[in-house]
Amino acid sequence: MQSWRWKSLWLALLASWLLVLLGVFPLLRLAVPTRPRAGVPQGWPHWLDAELLQSFAKPGELLEDGPQPPQALRGGSCNWGACFDTSKCRGGGLKVFVYPAAGPVSETHRRILASIEGSRYHTLSAAEACLLLLLSPDTPTGECDPVPPQWDGGRNHLVLSLHPAPCPRTFQLGQAMVAGASPTVDTFRPGFDVALPLLPEAHPLRGGVPGQLRQHSPRPGVALLALAEDRGRWHVAGTDFSACPWDGRCEQDRGPKQTHPGATLPNATFCLIPGRSPDALHFLQALQAGCIPVLLSPRWQLPFSEVIDWTKAAIVADERLPLQVLTALQEMPLTRVLALRQQTQFLWDAYFSSVEKVIHTTLEIIQDRIFGASAHPSLLWNSPPGAILALPTFSPSPSDFPFYHLQQGSRPLGRFSALIWGGAPGQPPLKLIQAVAGSQHCAQILVLWSSEKPPPTRWPKTAVPLTVIDGHRKVSDRFFPYSAISTDAILSLDAHSSLSTSEVDFAFVVWQSFPERMVGFLTWSHFWDEARGGWGYTAKRTNEFSMVLTSAAFYHRYYHTLFTHSLPKALRTLADEAPTCVDVLMNFLVASVTKLPPIKVPYGMWHQEARPPPLEPGGPGLTQEPQPAAHNCINQMAAGFGHMPLVSSRLRLDPVLFKDPVSVLRKKSSPPPRTCLTPTPAPDPLRFHSRMCPLVPTLFMLPRKVHRQGPGLTREPREGRAVSSSLWPGRCATNI
C-alpha cells in the first residue's frame, strides 16, 4: 500500500515536470520577440471608429512609430522634387503632349485621347509641353511601344494605364511617374505616382451614370452587409448574423448570390471588400451604389488618396478582427452612416463616373504639385462640386467661390456689376442704364459693345462708373472673364432688356441667398420629344422651367472663368454659330456644377420682351416645326456633356409687398389690392394687383386679416399663419 502511494507521487511529479517542459519553449518564444522584417512598417493599427474606443484609449494618445520611407522599387529614390522639372510649367501652366500610338489603337486608348484633346491641358507641340504622356497599350497581342524619342530617362513623363498592362516593360521607367490602376502598396511611390481606380471595360467616356442612392438612411428590411466575391458577384447578409460572413463560418445563410456581375449593384448599407487587388473593381461598384466600402486590410492603394480624404467615405478595418468589425458596424450612429453615404455619392459623381473625370483628376493632381502653396486646399477636393470644377487659377481661397458659403456660414457681400451686351444694332440702352444705375446695390456698369458700328461718344451721367469694352463680335464674348469686373455678382443684360429698379434690387437680394445658382426673370423649359427622339426646349409658359435667359439674370463671376477655360472649344463654337444656344450652354454649365435648378423672380409683363423665343412655338404638342439649328443645339450640348444636366423647378420667389401705382379714386371704389404667391407663373398673368389665384392649392402668408368674398364670412388667422388658396377657389387673399 505504501509503495503504491510512492509510485503515484512519482508519476504526479513526472507529469508536472513534463507539463513545465512543454510550456517553457512557447513562453520563451513569446518572451523573445522576433526581428521585424525589413521594409515592413510596425505601426499601431488604425482604429475602426474612435467613438467606440473611448473607454480604452484614444488614437491620439498612442505613440506612433517613426515614418517609414516609401519603397521605390521602380525608381530608386525618385520623388517630385528630384525627378520632375517644374521650370517647364511656369509659363502656361500644365500643358500635356500625348505620344501617338505606334500600333493599333484600342477603344480605351481612343477614350483617353478624346478626353485629353478636349481639355484645357492639351497641346500639339512636345516642345511646349510641361508633361509628356505615354499611354500604356492594352492590346491583346501584348506588344509594347518602343522608347519615345524624347524619353530623357523618363523625366517629366507620365506612363498611364487604366487597366493592368498585358505586356512587361522592355525599358526602365527611370524618373517617369506612373499612373496605374490599383497599384500595390509596396510598389507605389507616395507623392510621385498616382493611384487610379480599376475601371471596367465599358466605362463611359464622359458624363457617366449618376449614383444609385435614393435614400441616404437605412430603410427597414435592407441588408446591413454585402460581401464582394469573384467576377463582380455579391453576397448579401441580413442583420441577424453572429459570425463573420467572409471567413466561411457563418451560422446563418449568407443570402442570395447575384449571378450577373455589374448588372445589379449591391443593395446594402456596408460593402465588405477583401484586400486582394482583383477586388478593387468592387470598390467603384460600392461607391456608385451608395454602399459604404469596408476595406479589409487592403493591399492596394486607394485611388487618388493623395487628395481624397477616404475617412469621410470608406472604412479600413482589420480582417483578423471579424467580430469587432461587425459590432462596430452595427453600433455606428445613423448620422455617421448618413454622412458616409452622402460622401460616396459625391466622390463617384465628381471623380469616378467617367473616363474623362478620371483623366482630368489625374492631371489636376499633377497641376496641384506644380502650383504648390497656391493649389487646391483639402476642402475643395472633398466638398461639392469638387476640385475639377474649382479652378485654382481663379482663386486658392474657398471663400471666393460661390459653392462654400453655406459650409462656412457666410453670404456674399458687396454689390453687383451690370454687364450690358450691345451686340444688336440700334440706339444705346439709355433707359436701361438709368434704371440699373438707380439700384442701391449697383457698383459699376460695363457695356460690351460688339456691334460693327462704333459706340456713341456720349453716354448718360450715372452715379456709378460706366465703362465701354470693345467686344470681338462673338456671342460667347459676353461670358469672358474681363478684368474690369470687380464684384462677385454679375447682372447680365441685353441692350433691349427692360427692367425696373425695384425688380433689380429684389433679384439681387434673392441671389445673395443662392450665390451658386442663376437668378433670372425669363425662363425656358426643356422636354423630351418622342417624335424626334431627342431633346427640345421651348419658351411656352408651363408649370415647370429649367433655364433662365442670360438677357436678364444674376450669377457669380466665377462662371465666366468656367465658361472660358473649362468648356470644350467645340461647345463654345456651337454657341457662336447659333446665338440662341448661348443661353442653353450657360444653363448647362451651371446645372452640371450645382446639380440644382435656377431661380425665377417676377418680371412685369408691361416690359418689352428680352428676346424672341428660341423655338416658334417649339413646345410639345404643337405642330409648327422648330428651326433645325435650334433643335439640334440642345442635343449636341447634351452629347458634349455626356448627359442632360438641366433640372426642372416649379419655384418662383416673389416680394412680400408690391408698389403698384393705383390711383386714390380706385382705392376708394374698389377692394384693396390682392396679391398671392404662386409657385409658377399664370398662363396669362395681368398686373400683380389684379392677378387671379390658380385653382391648384397654393400656400401664402397672411400677415393680417383675410376676407372671403361671400355672404358676410371673415376669418382672421394668427400672425404668420400659412393659409391654402384652395379654401377660396379662384380668389386671391386680400391684405388690409
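**Exercise 1. State which residues of helix H12 are buried and what they pack against.**

Step 1. In H12 the buried residues are Tyr558, Tyr559, His560, Thr561, Leu562, Phe563 and Thr564; buried means under 20% relative accessible area, exposed over 50%, and partly exposed in between (1.4 Å probe, protein chains only). Helices (H or I, at least four residues) and strands (E, at least two) are DSSP runs, numbered from the N terminus.

Step 2. H12 spans residues 558–565, and with seven of its eight residues buried it is mostly covered.

Step 3. The partners of these buried residues are strands E11 (416–422), E14 (489–494) and E19 (552–556), together with helices H13 (569–577) and H14 (581–594). Contact here means heavy atoms within 4.5 Å.

The model is predicted: local features need pLDDT of at least 70 and side-chain atom pairs count only at pLDDT 80 or more, while totals for chains, interfaces and linings use all residues. Residues are numbered from 1 along each chain as its sequence is written, and side-chain values use heavy atoms, with hydrogens and water left out.

**Exercise 2. Explain why strand E3 is described as largely enclosed, and place its neighbours.**

Step 1. Strand E3 covers residues 157–161, and five of the five are buried, so the rest of the structure largely encloses it.

Step 2. In a regular strand, side chains alternate between the two faces of the sheet. From E3, His157, Val159 and Ser161 point one way and Leu158 and Leu160 the other, and all are buried.

Step 3. Strand E2 (residues 131–135) runs parallel to E3 and is joined to it by four bridges. Leucine 133 has leucine 158 as its bridge partner in E3.

Step 4. E3 also pairs with strand E4 (residues 177–181), again parallel and over four bridges. Here leucine 160 is opposite alanine 179 of E4.

**Exercise 3. Describe the setting of serine 395 and the polar contacts of its side chain.**

Step 1. Serine 395 belongs to the loop between helix H8 (378–381) and helix H9 (405–408). Its relative accessible area is 7%, so serine 395 is buried.

Step 2. A polar contact is a pair of N or O atoms within 3.5 Å; within protein, one must be able to donate a hydrogen and the other to accept it, and residues adjacent in sequence count only if both atoms are side-chain atoms. The side chain of serine 395 makes such a contact with the side chain of aspartate 400 at 2.5 Å, and reaches the backbone nitrogen of serine 397 at 3.2 Å.

Step 3. With neighbours within four places in sequence left aside, serine 395 is in contact with Asp400 and Phe401.

Key:
Two strands pair if DSSP finds at least two bridges between them.
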